[in-house]
Amino acid sequence: MKAQKIISTLFLVLFSFLSCKTETKVVKSETVSLNVSGMHCEMSCAMMIQSKLAKKKGVMDAKVIFNDSIATIQYDANKINKKQLIAVVEGIGDDLYQASEVVDNKSK
């Protein structure tokens, strides 16, 4: 009887251990800066864009600087891409805003 309890307990522990699959996905963190045109104010426009971006699945951080018309977004490239981020910005407010990736001419 005692051996049966030990075997049953070991079986349950082993079954629990094997049935729990833990997949560890590597976060592919990337950052993109977007030129954003069409913003008229900091409180409404810039904050709304920043909030919408921050809520998207895969976005880890979003900052929108109204004075520079720049949105800087850190994101997981496994979950979202640059084109989708641009589409998020351009989809806010009935296509009021336009976005394009900032091109760094210094590195060329």
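I began with Glu30, which sits in strand β1, spanning residues 29–37; helices (H or I, at least four residues) and strands (E, at least two) are taken as DSSP runs, numbered from the N terminus. I noted that the model is predicted, that local features need pLDDT of at least 70 and side-chain atom pairs count only at pLDDT 80 or more, while totals for chains, interfaces and linings use all residues. I also noted that residues are numbered from 1 along each chain as its sequence is written, and that side-chain values use heavy atoms, with hydrogens and water left out.

**Surroundings of Glu30.** I looked up the cover of Glu30 and found the residue partly exposed, at a relative accessible area of 26%; buried means under 20% relative accessible area, exposed over 50%, and partly exposed in between, with a 1.4 Å probe and protein chains only. Setting aside residues up to four places away in sequence, Glu30 touches Ile73, Gln74, Tyr75 and Ala77, where contact means heavy atoms within 4.5 Å. I also checked Asp76, which is 46 residues from Glu30 in sequence but 6.3 Å away in space, C-alpha to C-alpha.

**Overall layout.** I counted three helices and four strands in the protein, in the order α-β-α-β-β-α-β from the N terminus on. Of the 108 residues, 23% are buried, and among contacts between residues at least 6 apart in sequence, 62% join residues at least 24 apart.

**The core.** I then turned to the largest nonpolar core, which has 22 residues, and in which Leu34, Ile49, Leu53 and Ile73 touch the most other members. Such a core is a set of buried Ala, Val, Leu, Ile, Met, Phe, Trp, Tyr and Cys residues joined through side-chain atoms within 4.5 Å. At least two residues of this core come from each of β1, α2 (42–55), β2 (59–65), β3 (70–76) and α3 (82–90). For Leu34 I listed contacts beyond four places in sequence, among them Ile70, Ile73, Ile86, Val89 and Val102.

**Helix α3.** In α3 I found Leu85, Ile86, Val88 and Val89 buried. These residues lie on the same side of α3, because they cover an arc of only 155° around the axis, the arc being that of the directions from the helix axis to the C-beta atoms. The cover over the buried residues of α3 includes β1, α2, β2, β3 and β4 (98–101). Last, I looked at the N-terminal end of α3, which Asn81 caps with a side-chain oxygen 3.1 Å from the backbone nitrogen of Lys83; a polar contact is a pair of N or O atoms within 3.5 Å, where, within protein, one must be able to donate a hydrogen and the other to accept it, and residues adjacent in sequence count only if both atoms are side-chain atoms.
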